[in-house]
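Please read the points in order, with the structure open beside you.

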Amino acid sequence: MDESLSERLARVDALIAKTQGQPQDSGSLASVPVESLRQTVEDRSRPSAERLAAFSALSDRLRGEGELSEIVLAMIDDPDEELALNAIREAPPFDARVIDRLRCLLDDPRPALWEAAASALSRKKDHSLLPRMLDWARNGDADHRRVGLAAVAFLLIPEEHLAVVEEICEEGPRDEHDELVLIEALRVAEGRVAFWRKALGGESEG
C-alpha cells in the first residue's frame with residue numbers, strides 16, 4: 001500500500017521512539033489521521049508510551065469536540081493507570097457522561113485515581129462535590145483530608161474557604177503530618193483572602 005511522505009515520516013518516528021525506548025513526541029504525530037491515533041490509544045497490546053503519545057496528540061487535535069469524550073470515557077477504565085490518569089486530566093469540563101464517571105471514581109480503591117478525580121472535578125467547579133470534600137477535610141483519613149482541603153479551595157469563595165480551614169484547625173492536628181497539612185491549607189486560604197481583598201481594593205481605588 002502506498003504511503004504519503006507524511007505517513008512514512010510518522011512511521012519512522014514511531015520506530016525510532018520504540019527502538020530508543022522513549023515516548024513519542026505528540027508533535028511528530030500531527031499528520032497522523034485521527035482514526036489511526038485512536039486505534040493506537042485503544043489497542044492495549046501496544047506499549048504504554050505509544051498509547052500515551054497518541055492520546056496526547058488526540059487531546060490536542062480534538063479539544064472541544066465530542067469524539068474526545070468518547071476516547072476519555074474508554075481510557076478512564078483502562079488497566080494502565082498512567083493512561084487512566086491522563087484521561088482524567090484531559091476530561092472535557094462540560095460533558096455530563098464524563099463528569100458522572102469522574103464522580104464514580106471518588107469511590108475507586110486506587111488512591112491515584114480517586115485523588116485525580118477529586119482534583120479534576122474541583123477544578124471544573126463541580127459544586128455538587130462540596131459536601132463530600134468538606135466531609136473528607138473534616139473526617140477523612142490523612143490522604144482524604146489532604147485532598148479534601150485542596151478541593152474546597154476551588155469550590156468556595158476565599159472568605160468561606162478560610163472560615164472552613166480555621167474551623168478544622170481549631171480542632172487540632174491528629175499527628176505531625178496532619179499538622180503540616182493544616183498549616184499549608186491555612187497558608188493557602190489566607191493567601192487567597194489577602195489576594196482577593198487586594199484585588200477588590202485596587203478596583204475601588206480605580
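1. Axes here are lines fitted to C-alpha atoms, for helices over the stretch in contact, and angles run from 0 to 180 degrees between N-to-C directions.

2. H8 passes H9 in a left-handed crossing. Left-handed means that the near helix is turned anticlockwise from the far one by less than a right angle; clockwise would be right-handed. On the H8 side, the contact is made by Leu130, Met133, Leu134, Trp136, Ala137 and Arg138. Partners on H9 include His144, Val147, Leu149, Val152 and Leu155. Contact means heavy atoms within 4.5 Å.

3. A word on the source. This is a predicted model, in which local features need pLDDT of at least 70 and side-chain atom pairs count only at pLDDT 80 or more, while totals for chains, interfaces and linings use all residues. Residues are numbered from 1 along each chain as its sequence is written, and side-chain values use heavy atoms, with hydrogens and water left out.

4. Now the overall plan. The protein has 11 helices and zero strands. Both kinds of element are DSSP runs, numbered from the N terminus: helices are H or I with at least four residues, strands are E with at least two. Buried residues make up 38% of the 206 residues. Buried means under 20% relative accessible area, exposed means over 50%, and partly exposed is in between (1.4 Å probe, protein chains only). Take the contacts between residues at least 6 apart in sequence: 55% of them join residues at least 24 apart.

5. How do H4 and H6 pack? Their axes come within 10 Å and cross at roughly 15°. That makes H4 roughly parallel to H6. The crossing of H4 past H6 is left-handed. H4 contributes Ser69, Glu70, Val72, Leu73 and Ile76 to the contact. H6 contributes Arg97, Val98, Arg101, Leu102 and Leu105.

6. Arg97 and Glu70 meet in a salt bridge, at 2.7 Å from N to O. Arg97 lies in H6 and Glu70 in H4, so the pair ties together parts that are 27 residues apart in sequence. Arg97 is partly exposed, at 41% relative accessibility. Glu70 is partly exposed too, at 36%.

7. How many salt bridges does the structure hold? There are 20. A salt bridge is a side-chain nitrogen of Lys or Arg within 4 Å of a carboxyl oxygen of Asp or Glu. One of them joins Glu90 to Arg63, with the closest N and O atoms 3.2 Å apart. Glu90 sits in the loop between H5 and H6, and Arg63 in the loop between H3 and H4, so this pair links parts 27 residues apart in sequence. Glu90 is partly exposed at 25%, and Arg63 is partly exposed at 49%.

8. Asp126 forms a salt bridge with Arg103, at 3.0 Å between the closest N and O atoms. Is Asp126 buried or exposed? At 9% relative accessibility, Asp126 counts as buried. Arg103, at 33%, counts as partly exposed.

9. Lys125 is found in the loop between H7 and H8. Its phi is positive, about 60°, although Lys125 is not a glycine. Lys125 is partly exposed, with a relative accessible area of 44%.

10. Last, Arg38. Arg38 is found in helix H2, residues 34–42. Its side chain makes a polar contact with the side chain of Glu67, at 3.4 Å. A polar contact is a pair of N or O atoms within 3.5 Å; within protein, one must be able to donate a hydrogen and the other to accept it, and residues adjacent in sequence count only if both atoms are side-chain atoms. Leaving aside neighbours within four places in sequence, Arg38 is in contact with Leu58, Glu67, Glu70 and Ile71.

Note on methods: Parallel < 35°, antiparallel > 145°, perpendicular 65-115°, else oblique.
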